[in-house]
Amino acid sequence: MEDTLTDSSYLILLALLQPQHGYAIMKQVSTVTNGSVSIGPASMYTILKKLQKSGYITLEENDERKKIYLITELGFEVLERDIKRRKLLYQAGESLVAERRRTENDH
């Protein structure tokens, strides 16, 4: 997996800033997006496997044999870089749209 995260990978890593199991991850993603994004189990577990293979998360089993996912230091660094990248994209879009609005209002 490259350093640029998909939206789903980004949201899952955000959810894993605290250790969680699969169902809790899905609930957290829905909560932080005010219900506008939901990730189904099949997609989520595919993404979790990719994140694990990339070294961004680890998997532990607890006493109840629940699988608990944890973000790694590498995963945290990738998440921080992706947040900066997303901010730049947002700022560029906001600036260009505002510029167009000003141009439209001048005509």
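This is a predicted model: local features need pLDDT of at least 70, side-chain atom pairs count only at pLDDT 80 or more; totals for chains, interfaces and linings use all residues.
Residues are numbered from 1 along each chain as its sequence is written, and side-chain values use heavy atoms, with hydrogens and water left out.

Of the 107 residues in the chain, 31% are buried, meaning under 20% relative accessible area with a 1.4 Å probe.

Now follow the fold. You will find four helices and two strands, in the order α-α-α-β-β-α from the N terminus. Helices here are DSSP runs (H or I) of at least four residues, and strands (E) of at least two. The radius of gyration, 17 Å, is well over the 13 Å that the globule rule gives for 107 residues, so the chain is more spread out than a compact globule. That radius is taken over C-alpha atoms, and the rule is 2.2 Å times the number of residues to the power 0.38.

Next, look at one pair of helices. The axes of helix 1 (residues 7-15) and helix 3 (residues 41-53) come within 10 Å and cross at roughly 75°. That makes helix 1 roughly perpendicular to helix 3, a label for angles of 65 to 115 degrees. Ser8, Ser9, Ile12 and Leu13 of helix 1 meet Met44, Ile47, Leu48 and Leu51 of helix 3, where contact means heavy atoms within 4.5 Å.

Technical notes. Axes are lines fitted to C-alpha atoms, for helices over the stretch in contact, and angles run from 0 to 180 degrees between N-to-C directions. Angles under 35 degrees count as roughly parallel, over 145 as roughly antiparallel, 65 to 115 as roughly perpendicular and the rest as oblique. Buried means under 20% relative accessible area, exposed over 50%, partly exposed in between (1.4 Å probe, protein chains only).
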